[in-house]
Amino acid sequence: MDDWERASKVLIDNAREFLERLRDEIRLNEVTLATLLEVQSTFVLGLADASLYAFSLCNDDDVELSYRLFLEGLDVLKAGHLFISEPELDLWLSPLRGLNPERGFSLDRRFSLLGEPKPTMVWANRIVQLRNALHGRPVRDPLRNIGYGIGEEDRRFPVLLKAVRRLYRLYPAPMEEVARLLTLELSAGLDERPLECSDGTCDEITELPDVSGFRKTVSGEVELYYLIENSKGISSPWGSLSVGRAREIVVFSRKKGKGFRLREVP
C-alpha cells in the first residue's frame, strides 16, 4: 500500500470514528466548540482529502464510501442543529445547510465578486463532484471547483493534478484547460503524457517550435505560448489587452527539453 492509499484509508477511518463520537455527544448534549471545529477538520476536510487521494488512484470504492459517510454526517448535523458558523474562529458549517448533495456547490468565477467560497464549500465539492464523475457527470473547471485552496506548495498539489488528469481522461476538456494542467504538471516536475482535447490535438514535443507570432503568457522554467485567432484589442482606464480564441498553444520546459503542442481541429 503506497502513502497516498494509506492516507486515504486513515482519513476515512478517522471520519467514521469521529461521526460515531459526534452522535454520542449530540445524544448526551455535550457538543462543544472544539467538536464543531473537528467536524470541519476531521470529518469534512478529512473525507474531502480521502476522496482526492482515492480518485487519483482509481480507488473508486473509497470515493463512494467517502460520499456515503459525508451524506450520513450531514443528516447528523441537521438533526443536531449544528449548521453553525463563527467567522472569527474560522468555523464555516452553515454553508453546508444549502448543499445540493446531487451536484455540490457552484463556485463559478462569475460570482467571485460576491466573495470567496468558504472552505467547507470547496471540501464538500471534492466529495460530491469526484463521486459524480464516476457516474457520468463531468466536473466543470476542476482546478477551481475541487482544487480551490490547494497551492503549488501544498503536499496535496501533485494529488490534485493527478485527479484532474484523470477527470480530463474521462471527460476531455478544451485545449486551454488542458494546456493549463500541462503547464502545472511540468512546473511540478511531473512527467506526464499528452492528453486528448475536446476541440483539438495534443502532441508531445522535444524542442520549442517556431513561436513567432505567438503571444508569450508565462515565462520561467515552463513557458506558455498562444496563437490567437482574430485577436482584438480592448482598452480601458486600467490598461489594454487582446482577446480571441486560441488556435494553437505551446507549453514547453527548456530545462526538461520537453513540452506539448496543442492545435485546434478545423
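Author: The model is predicted, so local features need pLDDT of at least 70 and side-chain atom pairs count only at pLDDT 80 or more, while totals for chains, interfaces and linings use all residues. Residues are numbered from 1 along each chain as its sequence is written, and side-chain values use heavy atoms, with hydrogens and water left out.

Reader: Why does glutamate 64 count as buried?

Author: Buried means under 20% relative accessible area, exposed over 50% and partly exposed in between, with a 1.4 Å probe and protein chains only. Glutamate 64 has 17% relative accessibility, and therefore counts as buried.

Reader: What does glutamate 64 touch, leaving out residues up to four places away in sequence?

Author: Glutamate 64 touches Arg131, Leu134 and His135, where contact means heavy atoms within 4.5 Å.

Reader: In which helix is glutamate 64 found?

Author: Glutamate 64 lies in helix 3, residues 60-79; helices (H or I, at least four residues) and strands (E, at least two) are DSSP runs, numbered from the N terminus.

Reader: What makes a set of residues a nonpolar core?

Author: Such a core consists of buried Ala, Val, Leu, Ile, Met, Phe, Trp, Tyr and Cys residues joined through side-chain atoms within 4.5 Å. The largest one has 39 residues, of which Leu160, Val178, Ile249, Val251 and Leu262 touch the most other members. Helix 6 gives the most to this core, with 8 residues. A second, separate core of 33 residues includes Ile12, Leu65, Val76 and Leu82.
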